[in-house]
Amino acid sequence: MTKTELIAAVAEKAGLTKKDADRVVAATFETIAQALANGDKVQISGFGIFDTKKREARTGLNPRTKETIQIPASTQPVFKAGKALKDVVSK
């Protein structure tokens, strides 16, 4: 499902125009991203948890040249599905 398809589905289920649904979806994504950027976790009951995970700096290998490279430390977004979501998907 693409973002456009998601917007259309939200509009239909919520009885909104596609323009209003687009604003709702965009605001939701923006709010989640901003919370993660601030170091907060977003827990949506019955759906899952959006959080961040710190990755330490490490030495890697360039697959083309076989040269070793330093990979800097970074913070990655992660998602853990909730039980209700897992139950729906596993049917």
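Colleague: Which residue in S5 is the bridge partner of Lys54?

Modeller: In this predicted model, Lys54 has Thr75 of S5 as its bridge partner. The two strands concerned, S2 and S5, are joined by 8 bridges and run antiparallel.

Colleague: What makes S2 and S5 count as paired strands?

Modeller: Pairing requires at least two bridges between the strands, and S2 and S5 are joined by 8.

Colleague: What can be said about the hairpin of S1 and S2?

Modeller: There are 3 residues between its strands, and Gly46 takes a positive phi near 85° in this hairpin. Ile44 stands opposite Gly48, which belongs to S2.

Colleague: Which other strands pair, and what is found in their hairpin?

Modeller: Strand S3, residues 58-61, pairs with strand S4, residues 68-71, in the antiparallel sense over 4 bridges. In their hairpin, which has 6 residues between the strands, the positive phi, near 60°, is taken by Lys66, while Leu61 stands opposite Thr68 in S4.

Colleague: Turning to the aromatic rings, why is the pair of Phe47 and Phe79 called tilted?

Modeller: The ring centres of Phe47 and Phe79 are 5.6 Å apart, and the cut-off for a pair is 6.5 Å, so the two rings qualify as a pair. The angle between their planes is 50°; stacked would need an angle under 30 degrees and edge-to-face one over 60, and therefore tilted is the class that remains. The pair links distant parts of the chain, with Phe47 in the loop between strand S1 (42-44) and strand S2 (48-55) and Phe79 in strand S5, 32 residues apart.

Colleague: How do you know that Phe47 and Phe79 are neither buried nor exposed?

Modeller: Buried means under 20% relative accessible area and exposed means over 50%. Phe47 has 36% and Phe79 has 37%, so both fall in between and count as partly exposed.

Colleague: What makes Phe47, Phe50 and Phe79 a cluster?

Modeller: The three residues are linked by ring pairs, and the search of the whole structure finds 2 aromatic pairs. Besides the pair already described, the rings of Phe50 and Phe79 have centres 4.8 Å apart and planes at 45°, so this pair is tilted too. Phe50 lies in strand S2 and Phe79 in strand S5, and the pair therefore ties together parts that are 29 residues apart in sequence.

Colleague: Which residues line the largest pocket, and what is its volume?

Modeller: The largest pocket has a volume of about 160 Å³, and its lining consists of Leu6, Val10, Val24, Val25, Thr28 and Phe29. Helix H1 (3-14) and helix H2 (18-37) are the elements that give two or more residues to this lining, with the largest share, 4 residues, coming from H2. By residue class, the lining divides into 5 nonpolar, 1 polar and no charged.

Colleague: Where does Thr17 lie, and why is Thr17 called partly exposed?

Modeller: Thr17 is placed in the loop between H1 and H2. Its relative accessibility is 45%, which lies between the limits of 20% and 50%, so Thr17 counts as partly exposed. From Thr17 to Asp40 the separation is 23 residues in sequence and 31 Å in space, C-alpha to C-alpha.

Conventions
Residues numbered from 1 in each chain as written. Predicted model: local features only at pLDDT ≥ 70, side-chain atom pairs only at ≥ 80, totals over all residues. Heavy atoms only, no water. 1 Å grid on protein atoms, 1.4 Å probe; cavity = no way out; pocket = protein on both sides within 12 Å on 5 of 7 lines; lining within 4 Å. Points joined across faces, edges and corners; volume = space filled by probe spheres on them. Nonpolar A, V, L, I, M, F, W, Y, C, P; charged D, E, K, R; others polar. Phe/Tyr/Trp six-rings, centres within 6.5 Å; stacked < 30°, edge-to-face > 60°. Buried < 20%, exposed > 50% of the residue type's maximum accessible area, 1.4 Å probe, protein only.
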